[in-house]
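Here's a quick tour of the charged pairs and the ligand site in this structure. Have a look at the fold first, then read on.

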Amino acid sequence: MFDYQIKDNCLSNKNILITGAGDGIGRQAALTYAKLGATVILLGKTVKKLEAVYDEIMALGAPEPAIIPLDLKGATKQNYVDMAATIAEQVGQLDGALLNASMLGELNPFTQIHEQIWQDVMQVNVTSQFLLAQALIPTMLNAKNASLVFTSSGVGNKGRAFWGAYSISKFATEGMMQVIADEYDSSTLRCNAINPGATETKMRASAYPAEDKSKLASPEDIMPLYVYLMSDDSIGETGKTLKAQ
Ligand code: NAP
């Protein structure tokens with residue numbers, strides 16, 4: 001695992017948005033950040049799941065989270081602009097954003113990628129992140145130091161047979177991260193990507209239905225890197241893709 005000792009309350013007084021916060025790695029990141037003192041903004045498409053995470057955070061006695069129900073597949077530029085305006089109005093500054101939500105699409109030969117699946121994967125994994133980042137960066141620049149974190153994959157810098165649209169979308173994610181990091185290099189905004197590595201979630205199970213889950217890392221196991229990149233210990237770190245495992 002990424003070698004980082006998590007410190008108590010290291011995220012207190014930080015406002016952090018997490019996309020895909022209702023399940024898998026995003027859910028765990030939301031709970032972990034809240035436990036460490038952050039006010040988390042939970043964005044996702046299934047309201048019930050977001051409400052369950054909200055309840056878990058309240059039961060921890062952590063700062064009250066906010067919920068933003070949004071389907072990244074159908075969202076328009078205006079949705080992101082309105083969302084950023086609401087965040088700016090309600091919390092003033094955004095110290096962190098973990099762009100974690102994504103979809104796998106289908107794993108099949110390149111010549112058999114369905115155009116609609118291609119469009120959906122690109123919309124959720126690339127275009128929505130572009131629109132989100134564009135809308136959020138001004139609010140992030142209001143923070144003393146802010147951290148924008150994208151989520152890549154092992155297939156995000158080396159293509160793999162049959163991983164078509166998903167793999168290509170993760171290359172684009174890494175490219176977006178590098179462009180933003182370079183552009184804001186001399187600002188208070190840092191921008192990095194995480195490669196979580198094989199982690200036990202629904203997405204992993206749909207890609208590898210037959211594997212032995214007991215050999216996989218849990219979302220909780222991989223949290224040290226997720227916390228490091230949101231904490232002030234990572235100030236100055238930018239433009240990198242870091243492995244959580
Ligand atoms: P997951 O368990 O399937 O969770 C994905 C999350 O994204 C869910 O909360 C889901 O919401 C949300 N989401 C999907 N489509 C959405 C949409 N259209 N609008 C809004 N939210 C949407 O997956 P995970 O394994 O935690 O993956 C998290 C990130 O890690 C992804 O970027 C993935 O590519 C990356 N990753 C994972 C692994 C792994 O082994 N698990 C490895 C490499 C990279 P709902 O639950 O409401 O559908």
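Let's start with Asp232 and Lys14, whose side chains form a salt bridge with the closest N and O atoms 2.7 Å apart. Asp232 sits in the loop between helix H7 (223-230) and strand S7 (241-243), while Lys14 belongs to the segment before strand S1 (15-19), so this pair ties together parts that are 218 residues apart in sequence. Keep in mind that the model is predicted.

How many salt bridges turn up in a search of the whole structure? The answer is nine. As background, side chains of opposite charge can pair when their charged atoms come close.

Another of these bridges joins Lys49 and Asp23, at 2.8 Å from N to O. Lys49 is in helix H2 (residues 47-60) and Asp23 in the loop between S1 and helix H1 (24-35), so here the bridge links parts 26 residues apart in sequence. Lys49 is partly exposed at 33% relative accessible area, and Asp23 is also partly exposed, at 28%.

Then there's Glu211 with Arg204, where the closest N and O atoms are 2.7 Å apart. Glu211 is partly exposed, with a relative accessible area of 25%, but Arg204 is buried at 19%. As for shared partners, salt bridges join Asp23, Lys49 and Lys202 into one network.

Now for the ligand. Which residues come nearest to it? Of the 29 residues around the ligand, those are Lys45, Thr46, Lys49, Tyr166 and Thr201.

| Residue | Protein side | Ligand atom | Distance |
|---|---|---|---|
| Lys45 | side-chain N or O | oxygen | 2.5 Å |
| Leu72 | backbone N or O | nitrogen | 2.8 Å |
| Asn100 | polar backbone atom | oxygen | 2.7 Å |

On its own the ligand exposes 890 Å², and the protein buries 91% of that. The ligand sits in the largest pocket. Which elements give two or more residues to the shell around the ligand? They are H1, helix H5 (164-183) and helix H6 (202-207). H6 gives the most, with three residues.

Key. Residues numbered from 1 in each chain as written. Predicted model: local features only at pLDDT ≥ 70, side-chain atom pairs only at ≥ 80, totals over all residues. Heavy atoms only, no water. Salt bridge = Lys/Arg side-chain N within 4 Å of Asp/Glu carboxyl O. Helix = DSSP H or I, 4+ residues; strand = E, 2+ residues; numbered from the N terminus. Buried < 20%, exposed > 50% of the residue type's maximum accessible area, 1.4 Å probe, protein only. Near = heavy atom within 4 Å. Polar contact = N/O pair within 3.5 Å; in protein donor to acceptor, adjacent residues only side chain to side chain. Areas by Shrake-Rupley, 256 points an atom, 1.4 Å probe, with all protein chains shown as cover. 1 Å grid on protein atoms, 1.4 Å probe; cavity = no way out; pocket = protein on both sides within 12 Å on 5 of 7 lines; lining within 4 Å. Sits in = over half its atoms within 2 Å of the grid points.
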